[in-house]
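Please look over the sequence and the structure below before reading on. The report that follows begins with a term it needs and then turns to the annotated positions.

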Amino acid sequence: MKVTALAPQHQFVHGLASFSKIHPRSNLCRPNATAFHVRMSLREDAPSLAVVGVTGAVGQEFLSVLSDRSFPYSSIKMLASKRSAGKRLTFEDKEYIIEELSADSFSGVDIALFSAGGSISKKFGPIAVNCGSIVVDNSSAFRMDEDVPLVIPEVNPEAMSHIKLGCGKGALIANPNCSTIICLMATTPLHQRAKVLRMVVSTYQAASGAGAAAMEELEQQTREVLEGKQPTCEIFKQQYAFNLFSHNAPVLSNGYNEEEMKLVKETRKIWNNMNVKVTATCIRVPVMRAHAESVNLQFEEPLDEDTARKILKNAPGVVVIDDRASNRFPTPLAVSNKDEVAVGRIRQDVSLDGNYGLDLFVCGDQIRKGAALNAIQIAEMLL
């Protein structure tokens, strides 16, 4: 089998060609970009890379973002499981053979991008570090490790300031959960102005958060339901098309699921504030790609909606879509395949006296900024 990885319009290994046709990569946030333009970044003086989990949805997005941003590399290893080993993959006009991930995979690798699940990261992340690689890990394996920085480049770049490329010393850097990234991109600029005391988040999470197979199943189920057939329920064990349900993460003894507690714990770590009060409810919705979040903020200092809107318009990586007259606000479709997180429905919380509360609606591409782009931005900070 041959896999072609092209940017900006790429194709997932597991057969999402139809999805690529329906949702082509938009160039609105890159006005000078040309569709199908591939920028060669292969340079002898650049770091060597490895992509772990290259056949997955995020692994393929890693390649797309690397090419879109002309990330420099001297070599790149395409790593995956045994069942994908030996397949051919074309990236930036060069053909690669996908290699089986092993303990010997990281010799001579400067930066390793991991998106293969927590168990793989726990096993091979330390091995890569011992080989001198700087690992940017997209799983939850190391996020709450106090010795591992949890980084959103626009939010807390200082957390990884001690990690240097080219010194021969490996390190781990954790990519936050997709919902946390999307939420904090919008709320951190406001937190920096008025200090958030309490945050209530309700998420509306797309199939992309569960990977390429879940996206395929949503597409398949939609066809089946419209044709009057019983839907195939293998990923979520229940009907996803034309339905919504509580996030499929395991439910903990406190009644919260793991996805909700990630938002709580990761926010506190990234903001370096263990006193901020965070509560979350995470829901799966039948959207192919890009998460949405309703966010309520309570501040220590007053902050009016006009000031908040100005702050967000100047925030890096954020775009404001807040047109009340035409009822135009962020949607998952509007941000799919986009780098920016969109914020709208900016309004005062009428349940609080004074200007001590705000409500927001936030949308961001889970595969892009919620995963691959954030990891590549971390890698860019190492250059």
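## A term to begin with

Two residues are said to be in contact when they have heavy atoms within 4.5 Å of each other. The model to which this term is applied here is a predicted one.

## Confidence in the model

The chain averages a pLDDT of 90, and 90% of the residues score at least 70. Over residues 6-38, however, the pLDDT is below 50, although this stretch has 74 contacts in the model beyond near neighbours in sequence. Where pLDDT is low, the predicted coordinates should not be read in detail.

## The annotated active site

In the UniProt record, which is an unreviewed entry, the annotation "active site" covers Cys178 and His291.

## Cys178

Cys178 has its place in helix H4, which covers residues 178-194. Because buried means under 20% relative accessible area, Cys178, with a value of 7%, counts as buried.

## His291

His291 is found in strand S13, which covers residues 291-299, and is buried, with a relative accessible area of 0%. A polar atom of the His291 side chain lies 2.9 Å from the backbone nitrogen of Ala206.

Note on methods:
Residues are numbered from 1 along each chain as its sequence is written. This is a predicted model: local features need pLDDT of at least 70, side-chain atom pairs count only at pLDDT 80 or more; totals for chains, interfaces and linings use all residues. Side-chain values use heavy atoms; hydrogens and water are left out. pLDDT is the predictor's confidence in each residue, from 0 to 100. UniProt positions are given in the numbering used here, feature names are shortened, and annotations may be inferred rather than shown by experiment. Helices (H or I, at least four residues) and strands (E, at least two) are DSSP runs, numbered from the N terminus. Buried means under 20% relative accessible area, exposed over 50%, partly exposed in between (1.4 Å probe, protein chains only). A polar contact is a pair of N or O atoms within 3.5 Å; within protein, one must be able to donate a hydrogen and the other to accept it, and residues adjacent in sequence count only if both atoms are side-chain atoms.
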